[in-house]
Amino acid sequence: MEKRELKTKAKKGLSLQDLLLTAVLLAAGAVLKFFAGTFTNLFGMKPNFIIAMYCMAIVLIRPKIYYSIIIGLLAGAICQFFPGTPYLNFGSELAGALAMGLLIMIPAKNKTVEIVLAAVSTFISTVISGGLYVVLLFVFIKSDPSAMVAYVPIVLGTATLNTIIVALLYVPLMKVLKKPFISTPKEESSDNE
C-alpha cells in the first residue's frame with residue numbers, strides 16, 4: 001500500500017529533483033549554445049543544445065503534458081537571449097516540447113526500445129520545433145516560401161545532431177540519477193509476487 005501511495009504522490013507534480021534536473025539541463029543547453037555553438041558547426045548545421053537539453057529533461061523526468069508545455073515555454077524564454085527573431089522561439093519550442101511529451105508516452109518493452117524511442121522522439125521533436133520556427137520566420141518576414149526549402153537540410157541536420165546528443169547522454173544520466181529504466185514484463189511479474 002505504501003509503495004502505491006508514493007507512486008501516486010509522485011505523479012501529482014514534479015519532484016524537487018525533477019525541477020533541478022530541468023533547470024540544470026536548460027542552463028547547460030544555453031551555455032553550450034553560447035560557447036560551443038560555433039565550434040560544433042558542421043557544414044552549416046549545428047546542434048541546438050537548448051532543444052537537445054529540454055528533450056533530455058522530458059525523457060528523463062517523463063512529466064505530464066502540461067509540464068512539458070511549461071518546459072517548452074522556459075526554453076523559448078531562454079532562446080530570447082540569443083540572436084535571432086524575437087518571440088518565434090516561444091511557439092516553436094512549445095510545439096517541440098509538446099511533441100516530446102506526447103512521444104515519450106509510447107510504452108517501451110525494454111531498455112533498448114526505450115533508448116531508441118528517446119532518440120526518435122528527439123529527432124521528431126527537433127524537426128517540429130525547427131520546422132515551425134522556419135515557417136513562422138517566413139510568415140513574419142513575408143519572404144518567398146520557396147526559400148524555405150533551403151532550410152530543410154539545416155533542420156534535418158540539427159535534428160540528427162540533437163538525436164546523437166540525447167542518445168549518448170541518456171544511459172549515463174539514467175545511471176547517475178538512479179532512475180529505473182522501463183521494466184520488462186518479467187520484472188513486473190516479479191514485483192507483483
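What share of the contacts between residues at least 6 apart in sequence join residues at least 24 apart in the protein chain? Here are a few friendly notes, starting with that one.

1. In this predicted model, the share comes to 73% of such contacts in the protein chain.

2. The fold is helical: the protein chain has eight helices and zero strands. Read from the N terminus, the order of elements is α-α-α-α-α-α-α-α.

3. On burial and surface, 39% of the 193 residues in the protein chain are buried. The accessible surface amounts to about 11,300 Å², and carbon and sulfur atoms account for 72% of that area.

4. Now for confidence. The mean pLDDT of the protein chain is 82, and 82% of the residues score at least 70. Among the elements, H5 has the highest mean pLDDT (94), while helix H8 (residues 185–192) has the lowest (40).

5. Please take some care with the two ends. Residues 1–10 have pLDDT below 50, and this stretch makes zero contacts in the model beyond near neighbours in sequence. Residues 183–193 stay under 50 as well, with six contacts beyond four places in sequence. Where pLDDT is low, predicted coordinates should not be read in detail.

Notes. Residues numbered from 1 in each chain as written. Predicted model: local features only at pLDDT ≥ 70, side-chain atom pairs only at ≥ 80, totals over all residues. Heavy atoms only, no water. Helix = DSSP H or I, 4+ residues; strand = E, 2+ residues; numbered from the N terminus. Buried < 20%, exposed > 50% of the residue type's maximum accessible area, 1.4 Å probe, protein only. Contact = heavy atoms within 4.5 Å. Areas by Shrake-Rupley, 256 points an atom, 1.4 Å probe, with all protein chains shown as cover. pLDDT = per-residue confidence, 0-100.
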